[in-house]
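This report describes one protein chain from its predicted model. Please look over the sequence and the model before reading on.

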Amino acid sequence: ALAALKGAEQFKGQSSIQTWVIGILRDKILDHLRGQFGKLATEISISESDPEDDLFDAGGRWVRPPVAWRGDPYDAVREAEFRQVLAGCLESVPSDKRAVLLLRVDGMPSGEICKQLAITPTNLWVILHRVRAMLRRCLEDKWFTKK
């Protein structure tokens, strides 16, 4: 809000004030994320644990195979209780990685995310893969396999 007040003279009226302020907020969030990723290594460390590490044994066989989800996932999204579980699962994801997922879900192209956060496409893919795996496991545990 302070940035919008400081830059009020730059508002040209070509969009609504709300759209203009949201654009400023988006830029501030991206600046923050760039700072977070700048503090971290630009590539994910190999030592960082993969949420799927315990799914396979040394021979590559399933230790914990995927489970059949009860009900239709598209129907679940319409349920308030499911949305609460999903929000809780999202909260369990580290904030920097959650932000990357939310940028992608919001429709930002992968190339733009990489450019904005100064990460490689491979790093983006690894981050998204790991976040999706964390969410899948959380949703299986807290929603789709509960009776």
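## Basis

This is a predicted model, in which local features need pLDDT of at least 70 and side-chain atom pairs count only at pLDDT 80 or more, while totals for chains, interfaces and linings use all residues. Residues are numbered from 1 along each chain as its sequence is written, and side-chain values use heavy atoms, with hydrogens and water left out.

## Confidence

The pLDDT is the predictor's confidence in each residue, on a scale from 0 to 100. For the protein chain the mean is 78, and 79% of the residues reach 70 or more. A contact here means heavy atoms within 4.5 Å. Where pLDDT is low, the predicted coordinates should not be read in detail.

## Overall make-up

The protein chain has seven helices and zero strands. Both are DSSP runs numbered from the N terminus, helices being H or I with at least four residues and strands E with at least two.

Of the 147 residues in the protein chain, 30% are buried. Buried means under 20% relative accessible area, exposed means over 50%, and partly exposed lies in between (1.4 Å probe, protein chains only). Among contacts between residues at least 6 apart in sequence, 72% join residues at least 24 apart.

## Helices α5 and α7

Helix α5 (residues 95-105) packs on helix α7 (residues 121-144) at an angle of about 95°, and the two axes are 9 Å apart. α5 is therefore roughly perpendicular to α7, a term for angles of 65 to 115 degrees; under 35 degrees counts as roughly parallel, over 145 as roughly antiparallel and the rest as oblique. Axes are lines fitted to C-alpha atoms, for helices over the stretch in contact, and angles run from 0 to 180 degrees between N-to-C directions.

On the α5 side the contact is made by Lys97, Val100, Leu101 and Arg104, and on the α7 side by Leu124, Ile127, Leu128, Val131 and Leu135. Seven of these residues are nonpolar, none is polar and two are charged. In this grouping Ala, Val, Leu, Ile, Met, Phe, Trp, Tyr, Cys and Pro count as nonpolar, Asp, Glu, Lys and Arg as charged, and the others, Gly among them, as polar. The buried residues of α5 are Asp96, Lys97, Arg98, Ala99, Val100, Leu101 and Leu103.

## The disulfide

A disulfide is a pair of cysteine sulfur atoms within 2.5 Å, and the count by this rule is one. Cysteine 89 and cysteine 138 form the link, with sulfur atoms 2.1 Å apart. The angle about the S-S bond is -80°, and the link is left-handed. Cysteine 89 lies in helix α4 (residues 80-91) and cysteine 138 in helix α7, so the pair ties together parts that are 49 residues apart in sequence.

Cysteine 89 is buried at 0% relative accessibility, and cysteine 138 is buried at 10%. Cysteine 114 is also buried, at 8%.

## Single residues

Alanine 118 is in the loop between α6 (110-117) and α7. Its phi is near 55°, a positive value in a residue other than glycine. Most residues other than glycine have a negative phi. Alanine 118 is exposed, at 54% relative accessibility.

Methionine 134 is in helix α7 and is partly exposed, at 24% relative accessibility. Methionine 134 and leucine 90 are 44 residues apart in sequence, with a C-alpha to C-alpha distance of 8.9 Å.
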